[in-house]
Amino acid sequence: MLDWGVIVVAIVLLTAGASIRFAWWRRTVPYERPRILMYHMVREPIAGTRFNKLRVPPTLFEKQLDWLTRNGWQFCFVSELDRAGPKSVAITFDDGYRDNYIAADPLLERYGAVATLYLVVDRFDRDWSTTKKAHHDSGELMREDKLADAEVQSMLANGRWEIGAHTLTHALLPALSPHDHEAEIVTSKTALEDTFAVDAQSFAYPFGIYDARDVAVVGAAGFRFAMTTDQGIAADVGTSALTLPRVKVSGTEGLRSFALRMRTGRRGAFS
Ligand SMILES: [Zn+2]
């Protein structure tokens, strides 16, 4: 015999669970406000490691590009954000992992998409797995292959990429002396511009950690835009140009969560 009480309770619980997870009730952020997507790697996950959220599998990245295209989103560079039309999306990649060239670039080409790369100047044999002292670091991100300068050159030459600065060493900016602070921000810009003969018009704060001094120096260095890891969609790109929030893309979430993040800037009810 059917126990209707149990069935009703089950339906209520499932509906509540789905509501919290997918937050269908959350307001759609107006499509006039550009979305800035934050990626790190496009590669398969590694079992038993800490950073699989940063590893978006190539098949999932392709599904996301396909979804964006089918839903009428227009791809733009970060440097174009101040003149972007409705439904604009800027794809960003932090750090400079080699899979950005090997795996992401061919998919960008297939979908007519472009991306902005925040390249650490001195990115080889460095570990930024944690913001703590070096001996606490796991080495997980140090073991990931990084882009060679020649690969970055071909990316810039194919027209699908622009680069922005992400400091010289992936530094924790608020902890630095004035001299090192200036060097990490200003010298990272000039180093990229000298090496690649392009303008580095935007910046991304390492670890998403920044304070008022960082914002001031980034502005004085001539960057037009700066990326945080704060979650969301800016109400006005102009007024928050140097502290722009981004929409996080997680390698451990499906397309439904991605679509929700594109609509609302966040994933669920509490995140
Ligand atoms: Zn980074």
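Is W67 buried or exposed? W67 is buried, with a relative accessible area of 15%; buried stands for under 20% relative accessible area, exposed for over 50% and partly exposed for values in between (1.4 Å probe, protein chains only).

## Basis of the model

The model is predicted: local features need pLDDT of at least 70, side-chain atom pairs count only at pLDDT 80 or more, and totals for chains, interfaces and linings use all residues. Residues are numbered from 1 along each chain as its sequence is written, and side-chain values use heavy atoms, with hydrogens and water left out.

## Aromatic pairs

The count of aromatic pairs is 10. Rings of Phe, Tyr and Trp (its six-membered ring) pair if their centres lie within 6.5 Å; planes under 30 degrees apart count as stacked, over 60 as edge-to-face and the rest as tilted. W67 and F258 form an edge-to-face pair, with 5.8 Å centre to centre and 85° between the planes. W67 belongs to helix α2 (residues 58-70) and F258 to helix α7 (residues 255-264), so the pair links distant parts of the chain, 191 residues apart. Helices (H or I, at least four residues) and strands (E, at least two) are DSSP runs, numbered from the N terminus. F258 is buried at 4% relative accessibility.

A tilted pair is formed by F93 and W161, at 5.5 Å centre to centre and 45° between the planes. This pair also links distant parts of the chain: F93 is in strand β5 (residues 88-95) and W161 in strand β7, 68 residues apart. F93 is buried at 0% relative accessible area, and W161 is buried at 4%. Both rings belong to one aromatic cluster made up of Y39, F61, F93 and W161.

## Zinc site

D95 (OD), H166 (NE2) and H170 (NE2) coordinate the zinc ion at 2.1 to 2.2 Å. Donors are N, O and S atoms within 2.8 Å of the metal (3.2 Å for Na, K and Ca); water is not among the atoms, so sites may look incomplete. Along the chain the donors of the zinc ion follow the spacing D-x70-H-x3-H. D95 lies in strand β5 and H170 in the loop between β7 and α5, so the pair ties together parts 75 residues apart in sequence. D95 and H170 are both buried.

## Salt bridges

The whole structure holds 16 salt bridges, each a side-chain nitrogen of Lys or Arg within 4 Å of a carboxyl oxygen of Asp or Glu. In one of them, D94 meets R246, with the closest N and O atoms 2.9 Å apart. D94 is in strand β5 and R246 in strand β10 (residues 244-248), 152 residues apart. D94 is buried at 2% relative accessibility, and R246 is buried at 0%.

R123 and D149 form a salt bridge at 2.7 Å, N to O.

## Helix α4

Helix α4 (residues 149-157) has the buried residues E151, V152, M155 and L156. Seen down the axis of α4, these fall within an arc of 140°, so they line one face of the helix; the arc is that of the directions from the helix axis to the C-beta atoms. The face turned away from the buried side carries the exposed residues A150 and A157. Just after α4, G159 takes a positive phi of about 85°.
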